[in-house]
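The model is predicted.

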Amino acid sequence: MNKLPLNVSIVVAGVLLGMRRVLLALFTAGVFFYCPSAGAQTGSLWYVDNAVSGGSHNGTSWANAWTSFATVNWSGIHAGDTLYISGGTSSQTYTESWTIGAGGTANTPITIAVDASNPSHNGTVIFDYNADGDTSTRVGITVNQNYVTLTGNVNGANHLEIINLRNTSNRTASVGVGGTSNIGVIIDHLTFVNDNNPIRLDNANGVTIRNCIITQLRGDAGIAVNGSVGTWDNNKIHDNYLEPMTIPATGGPDGIQGSSGISIYNNTIKEVTTSTPTSNQHPDMMQMTGNYLKVYGNEFINVGDSVFDYDAYANSTPHDIWVYNNIFRIVTAIDPYPEYFRMYCSSGNIASITNVKIMNNTFIDNNDGAQNIRMDNFRGNPTATGNEIKNNIWYNAGRGTSTSAFSIDDSTGFTSNSFSFDANVYFQTSGTTSIRFRGTVYTALNWIAANEPHGTTAQPLFLSYSPNNFNNDLHLQSSDTVAVDHGVSLASYFTTDKDGVSRPQGAAWDIGAYEYHPLSSTPAPPTNLNVVVQ
């Protein structure tokens, strides 16, 4: 049996600090908000409790709860209703697979939740499939309905878990929460541990996946919405923590897979290593194929193969892909050729590249063997228009002849207006950053002289930095004169930084993921306090 320990050490200090800064910024701006545990309940209440004894088992109260999901009368559950699952006083374990048999409407979804206000039942609901061993082929929870909200939110904590659902020989076998062609499904505040494919909602339309924790990730992907449809912001994946496991030089799962109409924001994805078989997939934190994609406000830690992999084999005209306000960094070297962003074509050809925007990101600690950003292997001569790389910081990233800040192949379809560059920082503590563009290799200084009126190789000042340090704080110091107020305005695309702070705070935009703001500085602890006991 290949069961991994359930007690997972998740480093959350940096995430919590970032949340603190956002809250402080909102408070300063006079913004207040309310976040209910599971949304407003508008219809009838129904109950499942596999530990209840006695009663009529008709699901109408905790005393009369259904004792299994097989006995739930889905025909009696209607739009706006809520089905509560008992987590006991601390936790309660279920081992059955089940299918959600009713759907709602856009205004009155079906909600499946933990009864957050009831201390007798608001413990953690655990679906444990460890009895399947290493060869599970089941789907834990099947969602083939529309407008369903599945939430484990109890006062902001995740009280619904799916654990130990794995198949070590088939990466696509077994799924935690699965469905296809869903409209309006919300997956909220779930925890997944030691699972293949925790969430797979293919052909998604209007789907939201938020506030989930995925650790000891196996299989093909942590969150998969392949075949997703729509334009800007139609599907949302946000405020999640993912920890894919990879065996170096062997493989591991992707973090997120998807197609079109997806916004991926405020997530943390951290690649970790293991010696336990997980997947033969090449491990990308994001593997995308569609259009109308936004990736912003995320932190990507370590690289298994790449952070953002865009293979245009299924889309010869990639367009409207925005990557901004993200942190890309390596703490532990895993792959010998780590890449932060890549666009290429493994079959067919790319006919055009339109409106790819890489803006206000911070790329650090990637001087090893590959391009930080590359656009190549077009398998043709595409045209290009509206593409921009601006206001980014490369800090100890892209040094030498085999590594560059970015590398863009030539095409006879490109013109002098196909790409626009400006206000990027290319700093190295030693050596020189390289740029490769349309067949020519430049040093950063030569590149800036020819292409970037506001570019620089000077050193920006972070609150704290040492190479490959997990605890680096990449907010800008008040004394910085390189990135603060030296960016160009990108207000037609976005107007805030990674923390939600408005841009600009000074005379001009700042460069990198963070806009300098006094609240960005971490105050020193007080040293002159006296303890008074009353």
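Start with isoleucine 209. Beyond its neighbours within four places in sequence, isoleucine 209 is in contact with Ile187, Ile199, Leu201, Ile223, Val225, Lys236, Ile237, His238 and Asn240. A second, separate core has 23 residues, including Trp322, Val425, Val488 and Tyr514. The largest nonpolar core has 92 residues. Ile112, Phe127, Ile187, Ile209, Phe308 and Phe406 touch the most other members there.

Now the charged pairs. The structure holds 18 salt bridges. Three of them are tabulated.

| Salt bridge | Closest N and O atoms |
|---|---|
| Arginine 166 – aspartate 134 | 2.7 Å |
| Glutamate 388 – lysine 357 | 2.6 Å |

Glutamate 388 and lysine 357 are buried. The relative accessibility of glutamate 388 is 8%. Lysine 390 is buried too, with a relative accessible area of 14%.

Arginine 166 forms its salt bridge with aspartate 134. Arginine 166 sits in the loop between strands S11 (160–163) and S12 (175–180), and aspartate 134 in the loop between strands S6 (124–128) and S7 (139–143), so the pair joins parts 32 residues apart in sequence. Arginine 166 is buried, at 0% relative accessible area.

A network of salt bridges links Asp284, Asp305, Asp309, Glu339, Arg342, Arg374 and Asp376.

Buried or exposed: which is serine 275? Serine 275 counts as exposed, because its relative accessibility is 70%, and the cut-off is over 50%. Serine 275 is in the loop between strand S24 (272–273) and strand S25 (284–288). Its C-alpha is 5.9 Å from that of isoleucine 247, 28 residues apart in sequence.

Notes:
Residues numbered from 1 in each chain as written. Predicted model: local features only at pLDDT ≥ 70, side-chain atom pairs only at ≥ 80, totals over all residues. Heavy atoms only, no water. Core = buried A, V, L, I, M, F, W, Y, C linked by side-chain atoms within 4.5 Å. Buried < 20%, exposed > 50% of the residue type's maximum accessible area, 1.4 Å probe, protein only. Contact = heavy atoms within 4.5 Å. Helix = DSSP H or I, 4+ residues; strand = E, 2+ residues; numbered from the N terminus. Salt bridge = Lys/Arg side-chain N within 4 Å of Asp/Glu carboxyl O.
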